[in-house]
Amino acid sequence: MNRSSALPDRLAWASVVGAALLLVTACGAATTPRAVDHRSSTTLATAESSSTGTSTSVAATSTTTTVARSTTATTVHHVLATTATTAPRVTAAPATATSTCAAGPANQMKATGGGSQLMTVVASSTGATTATVTLWQRVGACWTVAYGPWSGWVGSNGLSSQKVEGDGTAPIGLFGISSTFYGIDPNPGVHGTYHQLVCGDWWDEEPSSPEYNTFEHVNSCSTADPFGGGSEALWTEAPAYDGFAVIEYNTSPIVPGKGSAIFLHVSLGRPTSGCVSLPFTDLIATLRWLQPGDSPHIAIGTAADIESY
């Protein structure tokens with residue numbers, strides 16, 4: 001074959017080979033696995049039927065989509081990381097500090113008179129003639145024992161919430177303690193006013209008297225009752241009245257016949273006519289402890305009575 005006749009044949013053969021290569025390339029593009037694309041089927045069909053230039057555009061679009069997804073994922077991760085970092089920490093609330101008060105009648109009372117000193121006189125029953133006496137000092141929200149408990153005496157007929165003159169009972173209730181103290185002995189060291197008794201000093205216990213249930217002095221050392229009834233010549237009542245405090249029962253207002261001369265005094269070792277009594281050393285310790293500025297009160301009754309105040 002001469003060269004001139006072979007050239008067309010070679011060109012024809014090259015065309016065939018080129019067409020085959022183009023077919024292989026097209027099939028390769030069609031069969032190459034591709035990443036999942038969320039474009040619509042219409043968009044994909046258009047892209048697949050486009051020219052090579054358009055295919056390049058599709059690739060760019062796909063790349064853009066991938067970048068966008070990657071950026072979105074990065075952004076979400078960043079937001080989550082930021083949220084995890086900056087979210088306010090949940091901190092457990094601190095435990096509330098609560099005071100645990102010591103067991104005892106003072107800490108079970110609903111009302112104690114508003115002061116910071118309290119005496120409790122607790123009998124086992126209303127018919128009992130002895131009682132447990134405890135002195136309490138308020139510290140913060142709690143009452144703590146200052147002195148006692150001691151054993152003391154109450155009325156020969158026990159306790160009563162309906163006391164009347166001469167019935168031999170100590171009154172049930174919560175009462176103040178007077179800031180004026182009395183005694184046959186010299187001042188033992190009280191913080192209030194102290195009156196040392198002399199002849200002529202009385203406590204009027206006559207219900208019909210205008211001075212009923214008050215301290216009175218008369219200009220006579222006679223022991224004859226100037227008021228009538230069962231009034232007491234105080235200066236003669238040793239050792240019971242060697243020193244005493246006045247329990248403010250039936251004092252504001254004073255009701256005739258409701259009871260009088262209710263004192264905290266020295267024990268004679270037996271029940272009283274209606275007072276509360278303690279051994280001498282305990283009584284003197286009490287008189288020295290009482291602070292009128294602390295508004296001391298005394299609660300008398302059974303445990304159930306005192307808890308109900």
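Partly exposed means a relative accessible area between the buried range, under 20%, and the exposed range, over 50%. C199 has a relative accessible area of 29%, so C199 is partly exposed. The model is predicted, and every value here is computed from it.

C199 has a bonded partner. Its sulfur atom and that of C221 lie 1.9 Å apart, and the two residues form a disulfide. This pair joins distant parts of the chain, 22 residues apart. C199 sits in the loop between β7 (193-196) and β8 (201-203). C221 sits in the loop between β9 (215-217) and β10 (232-233). C221 is also partly exposed, because its relative accessibility is 47%.

Now turn to the other bond. C101 and C142 form a disulfide, again with sulfur atoms 1.9 Å apart. The cut-off for such a pair is 2.5 Å. The link has -75 degrees about the S-S bond, and it is left-handed. It connects distant parts of the chain, 41 residues apart. C101 lies in the loop between α3 (52-86) and β1 (117-123), while C142 belongs to strand β3 (residues 142-153).

C142 is at 10%, so it is buried.

Taken together, the count is two disulfides. Counting bonded cysteines along the chain, the pattern is 1-2, 3-4.

One further cysteine deserves a look. C275 has a relative accessible area of 6%, so C275 is buried.

Key: Residues numbered from 1 in each chain as written. Predicted model: local features only at pLDDT ≥ 70, side-chain atom pairs only at ≥ 80, totals over all residues. Heavy atoms only, no water. Helix = DSSP H or I, 4+ residues; strand = E, 2+ residues; numbered from the N terminus. Buried < 20%, exposed > 50% of the residue type's maximum accessible area, 1.4 Å probe, protein only.
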